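Here are my notes on the model you sent, as numbered points. Please read them with the structure open.

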Amino acid sequence: MLNFLARRIAQIVPTLFFVSVLIFSLQQLLPGDPALVMAGEERDPAVIEQIRQQYRLNQPIPVQYVYWLKGVLSGNFGESLRNKMPVRELIAQKLPVTLQLGSMAMLIALLIGIPAGIVSAVKRGTVWDYGANLFALWGISTPNFWLGIMLIFLFSIELGWLPASGYVPLTENWRASLAATIMPAFVLGNAISAVLMRHTRSAMLQVLESDYVRTARAKGLSERSVILKHAMRNALTPIITLGALELGTLLSGAVLTEQIFSIPGFGKLIVDAVFNRDYAVVQGVVLVTATVYITLNLVADVAYILVNPRLRGWTHDRCRPARCSHRAS
């Protein structure tokens, strides 16, 4: 297990390096001159030249990358061109918002999608199966912006139960915070739960037809034990993969949903940075998002081993190619 983690972490380092190179290189292809953007309406050549020297924009691109990478490794992502704040502080302000919203949305998706998929597979061909598939079709087909507007109209305008927009930190008032984020979390979790339901149903149907499930039933085990202890555990592998990817998407920011509910998360931050040509913010947010994706993939790999005991022996006993060829000879 520890050797497996060490190998996976060793793969993360070069991956992040190439991601950083890609982010910095693509940033250079964006139209516009950062020095002119920072100078604003004052296009004095002396001011522009001073800005180029201050931010090393007159240096070759590889030199600029080296200075940027040194800053990133020390926790310095640069300074926002728009509000003159360190990018690290902006990320620290927006990341908790996105973490809360993404976690709530994922929890809603898991609580709805996985049970619906299991019931649909177990009750295949019944009204329960048709109802679960109808729900999945509705969840996949419903646009998030339309569902968000309808929820605001119903629960905020007509019933007055929930606030229509805004965000309250959990540390200030946890009840107001949950009230402000439950609707956008449901909007995001609704679509993900539909996808999870379809994948759970497909995985469960495949597992329920396997030999060891038939053997467990032949031994006289209860249907509940067969489904929960044998079938579900072996069907979780593709669900873990999908869940990790969807959670990474949520943590990268949900642009439309955040705009509709006026939530100051990662999605709104990256959109504002792109429109304002705030290069340092774009680089910092994209790099953090890529790091989150890679980390979630590592967590998913560890979850595979914890869920499926057979993989523990595989990761422990797996030999290197040179050693395997030596044994074969």
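1. The model is predicted. I begin with the packing of helix H6: the buried residues of H6 pack against H5 and against helix H8, which covers residues 174-208.

2. The buried positions in H6 are Asp129, Ala132, Asn133, Ala136 and Gly139. Seen down the axis of H6, these buried residues fall within an arc of 125°, so they line one face of the helix. The general rule behind such a pattern is that an α-helix has 3.6 residues a turn, so residues three or four places apart point the same way. On the other side of H6, Val127, Tyr130, Leu134, Leu137 and Ser141 are exposed.

3. H6 runs from residue 127 to residue 141, 15 residues in all. The distance from its first C-alpha to its last is 21 Å, close to the 21 Å expected at 1.5 Å a residue.

4. Helix H12 (residues 266-275) can be read in a similar way. Its buried residues include Phe266, Gly267, Leu269, Ile270 and Ala273. They cover an arc of only 165° around the axis, which puts them on the same side of H12. After H12 comes Arg277, with a positive phi near 55°.

5. Is Ser80 buried or exposed? Its relative accessibility is 2%, and buried means under 20%, so Ser80 counts as buried. Ser80 belongs to the loop between helix H4 (61-73) and helix H5 (87-122).

6. What does Ser80 touch, once its neighbours within four places in sequence are left aside? The contacts of Ser80 are Met85, Val87, Leu90, Asp278 and Val281. For one of these, Val281, the C-alpha atom is 5.9 Å from that of Ser80, although 201 residues separate the two along the chain.

7. On the surface, please look at the nonpolar patch formed by Phe145, Trp146, Ile149, Met150 and Leu256. Together these residues have about 500 Å² of accessible area. Helix H7 (residues 144-158) supplies the largest share of the patch, 4 residues.

8. Trp146, a member of this patch, lies in helix H7.

How values were computed:
Residues numbered from 1 in each chain as written. Predicted model: local features only at pLDDT ≥ 70, side-chain atom pairs only at ≥ 80, totals over all residues. Heavy atoms only, no water. Patch = residues over 30% accessible without salt bridge, like charges linked within 9 Å, V, L, I, M, F, W, Y side chains within 5 Å. Areas by Shrake-Rupley, 256 points an atom, 1.4 Å probe, with all protein chains shown as cover. Salt bridge = Lys/Arg side-chain N within 4 Å of Asp/Glu carboxyl O. Helix = DSSP H or I, 4+ residues; strand = E, 2+ residues; numbered from the N terminus. Buried < 20%, exposed > 50% of the residue type's maximum accessible area, 1.4 Å probe, protein only. Arc of directions from axis to C-beta. Contact = heavy atoms within 4.5 Å. Expected span 1.5 Å × (residues − 1).
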